[in-house]
Amino acid sequence: MKRVLAVIFAAILLTPLIGPNFGLAEDFQPKTYKQDFVFTIVVMPNGNANITLKTVWLEPKDEIQKQIEQILNETRNGSMTMEEAIAKFEEEQLQRYVESLTQSGMNLTNESIKSYGIAEGTNITLVFNAIALNFSRYYSYGDYWEVRIDPTRGYATINIPDTGLPFAIDINSTFIIKLPENATLIMYPKAFAQQYNTSKFFVTSEVKGDTVIVNSYIYLEPFLPPDGYKALFGSYKDYYIRYKAPYKGEEHYQSSVMNEYVTLDIYSNGSVRLHMRDEYIEPKSEVEARKKEIISYGVENATEYILRTYSIALGYRGALVDSGKVRILGLNETDAPLVIDAEYMLRNFTTFENGSYVYQFDPTLGLTNGLTDRMEYGVNHTLYLTINLPDGGKFLEVPDNISENLNGNRFTMTVVREGNSLKIVSNVFIRYGAPAEDVTKMLSNHTTATIRYTVPEEKSRLSETQQIIAIAVALLLVVGAIVFWKRR
């Protein structure tokens, strides 16, 4: 649940006070949008939680007054009573909260909302309440439960224009987390302070019995650039309340299952036929979603985009692309994998040094790149790599077999040489909940494997003209994952 509340918190902060017609007039003076926010989480033994979000809009006063007048405007012609107008506003806000929180990953039930301060014309207070199913998540990997909160209120991940936002933000946030009976607290956010010009981000916390209270204060000056957000929030990582309990929980997660087939046919004149086939198998819901996106975009358009993207990546790294073709398979087959099948004829694909060719790849399939706190999904990724040399070609160096195990995580690579062919199968299996340090410890020494070979000398002249890529296939695999797969 890494970003469960990030987007919604940022959206709740400014909507509905900032309307679609917001702009900068010649006499524009930046306003300050001030808010008090209290997020109360009462955790049940099964991981469900009774959640209450209380948002109090305090400034700017004129914007608050305009919003109240807009809410009550329908009472002036007698079509609605004040109570009915407020109830209509509450229903609109309830739908917005539910939609946003659901899209962010929450599973809600028994939702309700109540507003205060509108009739009095002082402020706008919204109190949203619901039961959030599986809000606290159990990890068998460490045998602990975890609640995630976001003291940055989403500003650590929100996209900010280069010019910043033309107003100031002033937020006091309090997170109150009541642990279930017989829980033992093992981790919670600690004090943090960061400042950039006049902008500030502070976090404090305390524990009272079975309750953890985390306070954060955020002040963002007008026109704060993206570097300011990075300086304030970029190093903050303390999002978790973790506890142990005398009972186990059910783990709710999906697995990422993917097969990558890469074949290199090496020719005596130095050219290479590169064939890549990526099979995206699970999670099935995301596979089907990607299929629908491709169909909506247009299969021909998507195919051309993939072809162009791969060609640019190859060319950028120094390879000369003579021809290429791409097919997208499985789009109209329910429960079938999404398959991206690509084939290229290349020159200058491998590095020529000291009289032989060197080809390097990443048998871990790039899984050490971009790790955050831990795996929020199970991983079962397999690479099938085949290299076929021409008659007279010879393998001078091939990788060793590898077998690594750490806390139930596994990495294996088997290497089989059959005459002029080399077949390599590498598999990475990562348990749900594995911390980044365990993944890194198991894989970091195996991210580069080297193959060295020769082809008949008299026909190799064309491939000796340029020193080029060392990890082309690994880079392409990463590019493919970025373009065609929503990394979880």
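Predicted model: local features only at pLDDT ≥ 70, side-chain atom pairs only at ≥ 80, totals over all residues.
Are Y33 and F167 buried or exposed? I looked, and both are buried (under 20% relative accessible area; exposed is over 50%, partly exposed in between, with a 1.4 Å probe on protein chains only).

Residues are numbered from 1 along each chain as its sequence is written, and side-chain values use heavy atoms, with hydrogens and water left out.

Next I searched the whole structure for aromatic pairs and got 25. Rings of Phe, Tyr and Trp (its six-membered ring) pair if their centres lie within 6.5 Å; planes under 30 degrees apart are stacked, over 60 edge-to-face, the rest tilted. Y33 and F167 come out edge-to-face, at 5.2 Å centre to centre and 70° between the planes. Y33 is in strand 1 (residues 32-43) and F167 in the loop between strand 6 (144-148) and strand 7 (168-178), so this pair ties together parts 134 residues apart in sequence. Strands here are DSSP runs (E, at least two residues), numbered from the N terminus.

Y261 sits in strand 13 (residues 255-266) and Y384 in strand 19 (residues 378-388), 123 residues apart. Y261 is partly exposed at 29% relative accessible area, and Y384 also counts as partly exposed, at 29%.

Notes. Helix = DSSP H or I, 4+ residues; strand = E, 2+ residues; numbered from the N terminus.
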